[in-house]
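Have a go at each task before you read its solution.

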Amino acid sequence: MRRFLLIAVPYLWLVALFLIPFVIVLKISLSDIALARPPYMPQLDLSAGWEGLKSFFAALDFENFVFLTTDDLYWKAYLSSLRIALFSTVITLLVGYPIAYAMARAAPEWRPTLLMLVILPFWTSFLIRVYAWMGILSNEGLLNQFLLWTGIISSPLTILNTNTAVYIGIVYTYLPFMILPIYSALERMDDSLLEAAEDLGCSRLSAFWLVTVPLSKNGIIAGCFLVFIPVIGEFVIPSLLGGSGTLMIGKVLWEEFFSNRDWPVASAVAVILLLILVIPIILFQRNEQKQREANG
Amino acid sequence: MPKDFTVAQTVFAPWDDPNEKPLIQFKNVTKRFGEFIAIDDLTQDIYSKEFFALLGPSGCGKTTMMRILAGFETPTEGQILISGQDMSHVPPNKRAVNMMFQSYALFPHLSVWDNIAFGLKREGKDKDTIAARVEEMLRLTRLDRFAKRKPHQISGGQRQRVALARSLAKAPKLLLLDEPLGALDKKLRQDTQFELMDIQEKTGTTFVIVTHDQEEAMTVASRVAVMDEGKIVQVATPDEIYEAPNSIYVADFIGDVNLIEGRAEARMSPATPRDQIEPTTTPDPEGAPPPPAKPDAPQPNAYGEWLQNTLLFPFLGKRAPNPKELPAPSETKPTPALQSPVKTGGIALHWADGHPPIVVANGDPQLAGAAVTLALRPEKLNIAKNKPDTPNALPGTVIDIGYLGNLSTYHVQLDNGPMVKVQVTNVRRIARRDITWEDAVWVSFSETSGVVLKG
């Protein structure tokens with residue numbers, strides 16, 4: 001009984017904060033838009049009894065999902081989101097791995113400080129930090145002023161409101177999520193493994209590829225998922241740093257919901273997004289599970 | 001059996017052969033880490049097919065020596081030659097040297113098979129050669145059944161064997177073993193020691209082993225180097241290290257030892273009769289008047305005396321002043337010195353006031369007049385309740401008895417002297433042991449069982 005209670009707490013949490021909202025969203029996605037409050041039909045009215053319930057389910061349809069396929073805006077937005085998420089994950093990995101590697105190789109007394117520096121940005125609001133990037137990247141921003149001052153460029157670069165700015169913002173924001181799991185994998189690694197590899201005929205570089213990289217594989221996978229999954233649905237960064245050319249599903253969702261006030265279509269977009277994300281989330285979970293088994 | 005059957009065994013001792021070329025030469029090697037001197041001007045040769053043990057407490061420089069051989073450290077000064085070739089600028093991956101790490105350093109992401117094949121693959125050998133060699137190594141280390149397992153799926157002893165197989169796979173000229181058996185429990189360690197010796201013999205590889213376990217070093221090694229503070233204090237075969245240590249440090253580090261300090265004096269030569277060099281306080285039992293009855297022998301009291309003299313006298317006769325005494329119980333250990341005459345020469349050691357000097361026939365007479373220490377192994381001492389007829393017999397009291405099953409160690413406080421340990425093989429069951437706590441005993445040893453060391 002006590003065991004059951006212990007398990008029940010997190011499950012109740014999940015049911016209340018994930019499953020019930022998801023069912024509501026799913027229901028809205030099957031409804032029709034209406035000029036009402038709330039702006040969709042039909043409403044569930046339990047007082048009507050069994051007949052009311054029957055007519056309620058009869059009114060639900062997949063019309064909104066069909067609509068998503070007719071307008072190419074949506075699948076373009078999905079694909080574009082996936083592409084941006086993929087590229088920014090790769091860039092974050094390329095930037096994050098050397099940082100994590102350097103941290104793990106640093107003298108042990110320095111590691112806590114370095115670790116704190118990676119986490120430090122979380123102490124200020126994410127929104128403010130993205131606004132700060134607007135100040136840096138704009139035409140009269142710090143970056144352009146600096147480049148003009150050094151004479152590298154003669155006219156300011158247009159970075160803000162382009163995909164470049166979005167990539168910069170995403171890589172900057174999600175870098176800690178990449179660094180931390182890789183660092184924890186590398187830090188656990190026994191240095192004598194590299195010595196053993198060298199002893200057995202590896203050069204430094206091949207020892208890195210044959211020992212360090214495979215041993216940090218789980219950290220790399222975890223980091224990539226931790227970046228990729230939230231970036232797909234990212235909304236703040238593309239809407240603040242991106243321009244009209246930046247197409248991301250998070251932004252589309254927001255516009256459907258708040259500008260068009262088309263809750264059913266917005267809900268359908270959200271449900272599809274969730275279905276897309278289920279695959280990487282399952283893969284991520286499996287990786288974590290495997291890692292736990294290997295360690296334990 | 002005809003005598004021809006016994007083939008003369010050539011003793012393996014390349015270090016005594018001036019024509020033999022050493023495989024490894026340390027030439028005035030010094031290694032500093034900042035202020036700390038890990039290796040201090042060390043010169044040492046190691047020969048092919050040797051099983052060379054570096055023994056010492058932690059921080060003595062033994063691991064640094066090994067890491068220099070492997071190429072992970074470069075000497076601050078001096079040279080290392082392997083097969084006559086200077087190794088100073090040869091990186092670890094270009095050396096015909098392999099190392100078995102203390103932590104084994106098995107690659108956790110690779111199977112046992114792939115771990116062993118790792119070095120061979122780096123050499124770019126073809127698949128069949130690699131497979132054949134790996135199979136050979138698996139058989140040698142009896143790991144055939146575990147080839148597909150990952151390191152975390154096998155036991156500590158198996159992991160140790162994988163590490164050994166991996167380091168042997170490339171058939172190195174020199175194999176370095178860094179505390180190879182440290183992580184194994186005692187029984188497994190002992191078995192593995194013999195396995196290591198076996199494999200060393202089979203493969204003909206030169207082994208250099210680093211260990212802080214002196215028993216392990218003595219068991220496996222052809223020569224043992226005892227190190228202290230970056231220097232090699234003594235290099236010798238295990239028996240020589242044990243029986244003839246060259247310093248108090250070595251004597252004390254290897255095994256148990258009793259150290260008796262004193263002042264040396266040259267013994268008169270030629271041969272002096274035992275009685276002259278050893279004035280005994282108690283007269284010899286033979287010929288001399290019988291000693292007074294022992295205080296613990298039963299003595300009649302006044303009433304008994306009267307009873308005897310008045311009542312029993314007619315029947316039993318006069319009471320003998322000394323009851324018949326049984327001969328002293330025989331020694332558990334025969335002392336050959338009893339039969340043979342005491343060896344001449346050597347020194348006499350004055351070790352405590354009021355005691356005759358200890359006779360050390362193998363002591364260096366040139367040490368006469370110097371302060372010296374006599375190192376005596378506990379198993380070379382005898383313990384007895386009655387004074388034995390040996391050149392050296394020191395009185396004392398049993399303070400403690402350590403029972404180890406096969407052996408017992410007696411801690412004896414010598415009268416007016418230091419505490420010594422005496423080790424006796426328990427040939428009798430413990431219930432029949434005749435010496436117990438607080439007993440007055442004699443600790444005896446022959447004139448050649450100790451080693452006189454300076455200082």
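**Exercise 1.** What percentage of the 296 residues in chain A is buried?

*Solution.* Keep in mind that this is a predicted model. Start with the cut-off: a residue is buried if 20 or more other C-beta atoms lie within 10 Å of its own. By that test, buried residues make up 30% of chain A.

**Exercise 2.** Compare the radius of gyration of chain A with that of a compact globule of 296 residues.

*Solution.* Begin with the reference: such a globule would have a radius near 19 Å, whereas chain A has 24 Å. Next, look at the box filled by the C-alpha atoms of chain A, roughly 80 × 65 × 35 Å along the principal axes.

**Exercise 3.** Find which element gives the largest share of the side of chain A that touches chain B.

*Solution.* First, count both sides: 14 residues of chain A are in contact with 17 residues of chain B. Then list the elements of chain A that give two or more residues, namely α9 (191–199) and α10 (204–215). Of the elements, α9(A) gives the largest share, with six residues. Last, sort this side of chain A by class: seven residues are nonpolar, three polar and four charged.

**Exercise 4.** Describe how the two assigned domains of chain B meet.

*Solution.* Locate them first: domain 1 covers 14–257, and domain 2 covers 259–270 + 332–454. Their C-alpha centres lie 39 Å apart. Now turn to the contacts, where eight residues of domain 1 of chain B meet nine of domain 2 of chain B. The domain 1 side has five nonpolar, two polar and one charged residues.

Technical notes: Residues are numbered from 1 along each chain as its sequence is written. Chains are lettered from A and ligands numbered from 1 in the order in which they are written. This is a predicted model: local features need pLDDT of at least 70, side-chain atom pairs count only at pLDDT 80 or more; totals for chains, interfaces and linings use all residues. Domain bounds come from an automatic or database domain assignment. Two residues are in contact if their C-beta atoms, placed from the backbone, lie within 7 Å. Ala, Val, Leu, Ile, Met, Phe, Trp, Tyr, Cys and Pro count as nonpolar, Asp, Glu, Lys and Arg as charged, and the others, Gly among them, as polar. Helices (H or I, at least four residues) and strands (E, at least two) are DSSP runs, numbered from the N terminus. The radius of gyration is taken over C-alpha atoms; the globule rule is 2.2 Å times the number of residues to the power 0.38. A residue is buried if 20 or more other C-beta atoms lie within 10 Å of its own, exposed if 12 or fewer, and partly exposed in between; C-beta atoms are placed from the backbone.
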